[in-house]
Amino acid sequence: MTRQPSPELLQRDRSALIVIDMQERLMPAIAEADAVTRAAGILIEAARHLEVPVVVTEQYPRGLGATVDAIAGRLPNDAAVVEKMTFSAARNHDFGSLIDAFKAGGRDHMVICGVESHVCVMQTAADLDAEGCTVHIVADACGSRAPASKDAALARFGALGISRVTTEMALFEWLEVAGTPEFKAVSRLVK
């Protein structure tokens with residue numbers, strides 16, 4: 001008998017990847033920005049291989065610039081880019097419409113990475129959780145200017161019951177099995 005995966009695990013056909021505010025004038029101020037950017041890039045590449053839709057948000061791009069090249073250059077052609085002024089992307093009409101469409105299509109697992117952990121990531125995650133989405137924060141692909149702010153955000157996610165995962169956890173949960181062409185392509189990303 002084939003068993004279904006635990007509802008606590010990520011499932012690629014139920015997931016969407018949300019990349020929050022990894023922008024030109026913001027990333028230089030983020031602690032461990034290179035590591036955060038690398039992890040987010042791996043998630044984006046894996047999402048592309050596994051046909052997980054990607055949404056990128058940009059907070060006030062006129063002031064904070066566009067998404068950094070290291071992220072923008074890896075986005076699939078069909079990735080949605082949403083400009084916002086609200087700290088919570090979920091309070092933006094265009095973003096909300098995308099989430100509604102994902103949920104209507106059975107994609108209710110929101111996998112979130114980006115910056116800043118304690119502001120836009122936190123508020124977006126809390127709002128999506130309140131809307132009934134299963135939210136997974138990719139801890140190593142999130143950052144804040146101050147490490148203490150990221151630590152506080154991760155603790156608060158836990159207190160809210162929001163799942164915290166790592167990049168590799170997300171990838172291998174999406175994959176489910178080894179030995180496939182997808183496995184070979186995605187596993188190369190973390191070597």
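Predicted model: local features only at pLDDT ≥ 70, side-chain atom pairs only at ≥ 80, totals over all residues.
Close-up 1. One aromatic pair is counted in the structure; the ring centres of Phe172 and Phe183 lie 6.3 Å apart with their planes at 55°, so the pair is classed as tilted. Because Phe172 belongs to helix H7 (residues 167–175) and Phe183 to helix H8 (residues 181–187), the pair ties together parts that are 11 residues apart in sequence.

**Close-up 2. The largest nonpolar core and the surroundings of Leu43.** The largest nonpolar core contains 36 residues, and those with the most contacts inside it are Leu17, Val19, Met27, Leu43, Val54, Cys113 and Trp174. At least two residues of this core are supplied by each of S1, helix H1 (33–50), strand S2 (54–59), strand S4 (109–115), S5 and H7, with H1 giving the largest share, 10 residues. When neighbours within four places in sequence are left aside, Leu43 is in contact with Leu17, Cys113, Val138, Ala141, Thr167, Ala170, Leu171 and Trp174. A second, separate core of 26 residues includes Val82, Phe95, Cys120 and Ile137. In soluble globular proteins, nonpolar side chains tend to be buried together.

Close-up 3. Helix H6 (residues 147–160) consists of 14 residues and reaches 20 Å from its first C-alpha to its last, close to the 20 Å expected at 1.5 Å a residue. Its buried residues are Lys150, Ala153, Leu154 and Phe157; they cover an arc of only 100° around the axis, which means that they are on the same side of H6. An α-helix has 3.6 residues a turn, so residues three or four places apart point the same way. The buried residues of H6 pack against helix H5 (117–130), strand S5 (134–143) and strand S6 (163–165), whereas Ala148, Arg156 and Ala159, on the other side of H6, are exposed. Just after H6, Gly161 takes a positive phi of about 80°.

**Close-up 4. Thr2 in the segment before strand S1.** Thr2 is found in the segment that precedes strand S1 (15–20), and its relative accessibility of 72% is why Thr2 counts as exposed, a class that requires over 50%. Between Thr2 and Gly41 there are 33 Å in space, C-alpha to C-alpha, the two being 39 residues apart in sequence.

Notes. Residues numbered from 1 in each chain as written. Heavy atoms only, no water. Helix = DSSP H or I, 4+ residues; strand = E, 2+ residues; numbered from the N terminus. Expected span 1.5 Å × (residues − 1). Buried < 20%, exposed > 50% of the residue type's maximum accessible area, 1.4 Å probe, protein only. Arc of directions from axis to C-beta. Contact = heavy atoms within 4.5 Å. Phe/Tyr/Trp six-rings, centres within 6.5 Å; stacked < 30°, edge-to-face > 60°. Core = buried A, V, L, I, M, F, W, Y, C linked by side-chain atoms within 4.5 Å.
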